[in-house]
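Visitor: Please take me through some local features of this model, one question at a time.

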Amino acid sequence: MSGFKLRKREFKNMEWGLLIVAIILTVIGLVALFSATQQTEFDEFKKQILWFIASIIIMVIVMLINYELLVRLSPIFYGISTILLIAVLFTKPINGATSWFDIGGFSLQPSEFAKIVVILFLTLIISKIQEKYMEDINKPTRLLIILAIVFFPLLLIIKQPDFGTAIAFCVALAMMLFTAGIDKKYILGTLLVILISVPIVYNLILPDHAKKRIDIYLNPESDPRGSGYNIIQSKLAIGAGQLTGMGILKGNQTQLGYLYPKTTDFIYSVIGEEMGFIIAATIVILYVLLITKALYIAKTAKDNKGALIASGIAGIFFFHMAENIGMVMGLLPITGVPLLFVSYGGSSLITSYIFIGILLNISSKRQKTIFVK
């Protein structure tokens, strides 16, 4: 009977608002996909519904598994994930990137699932360092161990190349280190290194296509029929939507094929054009709620492990929102980062709902009353 009461209390503690927000975002995405795929007999729309159903089932399973068990198993997941990230480099390139396994008409992107694995494994290592050294992670050797965990998968993802996902890893790491209590001198030092290294990376390391994306971001009108075409069409689509949009199936840029890829990178442009500013702004508000709730779960988690995982997930959510919406509006360089829960993509959708499942699990274990002041 006590076990039943415990389970009931855990379900009551769960931050169900997270799931509600995620489902609303997914429904908006499905409406946009329905409109964006009518020329292809709604192929991607139908697949996304299947991915959505699969995502909910997987989320429920993850939600019922204690997150501490997932953390303990993370070294195994990390090994499997590393093997997949190496293997995918030998697949046939799609749009210049070797990021996907093609399995029976469906694509699997290992780097998406690697986000979960790296956050869990980082949590394990950071928590062990904190336990051994009384919460102090600020010795250079300890930080190097933490950085090494991210460094190897990061290199493999850059090799694909997928710079957007690589940056997402860095943002998650930064959030987790901040939660773990990293010294401010390392934060300031990192910012200084970034400022110094940006021109070096641009001139000596970045491949030509990456440089072109940055150049086009700074001046898309310099190549309006070439590399600047997509961003110009995206801005036209968002502007044309005005307050309430042109209507589902009625957007000029969307329906006449000017937006590409309109189901993934530029799905927010479809929403802005056909559903208007109100729905586009609602997406931003929903994302702010999602991130805020993830950070609240980090703050109220019963232990450091829960806090670290939740803050890392919050970092992933924040980066994907800021980068995707920023790039389609011409405020940030185009990196091919999807809008989580909204863009088409099975790997992305399943990963996003696994994150929700983990957050629900963490929130279920907390004792809310001890945080009331």
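Visitor: In which loop is L249 found?

Guide: The model is predicted, so local features need pLDDT of at least 70 and side-chain atom pairs count only at pLDDT 80 or more, whereas totals for chains, interfaces and linings use all residues. Residues are numbered from 1 along each chain as its sequence is written, and side-chain values use heavy atoms, with hydrogens and water left out. Helices are DSSP runs (H or I, at least four residues) numbered from the N terminus. On that basis, L249 belongs to the loop between α10 (229-241) and α11.

Visitor: What is the phi of L249, and is the residue buried or partly exposed?

Guide: Most residues other than glycine have a negative phi. L249 is not a glycine, yet its phi is positive, at about 70°. Buried means under 20% relative accessible area, exposed over 50%, and partly exposed in between (1.4 Å probe, protein chains only). With a relative accessible area of 34%, L249 is partly exposed.

Visitor: Which relative accessible area does F341 have?

Guide: F341 lies in the loop between α13 (304-328) and α14. Its phi is near 75°, a positive value in a residue other than glycine. F341 is buried, because its relative accessible area is 1%.

Visitor: Which residues does L349 contact, leaving aside its neighbours within four places in sequence?

Guide: L349 lies in helix α14 (residues 346-364) and is buried, with a relative accessible area of 1%. Contact means heavy atoms within 4.5 Å. With neighbours within four places in sequence left aside, L349 is in contact with T26, Q48, W51, F52, S55 and F341.

Visitor: At what angle do the axes of α4 and α5 cross?

Guide: Axes are lines fitted to C-alpha atoms, for helices over the stretch in contact, and angles run from 0 to 180 degrees between N-to-C directions. The axes of helix α4 (residues 67-87) and helix α5 (residues 110-132) come within 8 Å. Their crossing angle is roughly 145°.

Visitor: What is the omega of the peptide bond from Q160 to P161?

Guide: Most peptide bonds are trans. P161 lies in the loop between α6 (140-159) and α7 (163-180). The bond from Q160 to P161 is cis, with omega near -5°.

Visitor: And what is the omega of the peptide bond from Y260 to P261?

Guide: P261 is in the loop between α11 (252-255) and α12 (267-300). The bond from Y260 to P261 is cis, with omega near -10°.

Key:
Helix = DSSP H or I, 4+ residues; strand = E, 2+ residues; numbered from the N terminus.
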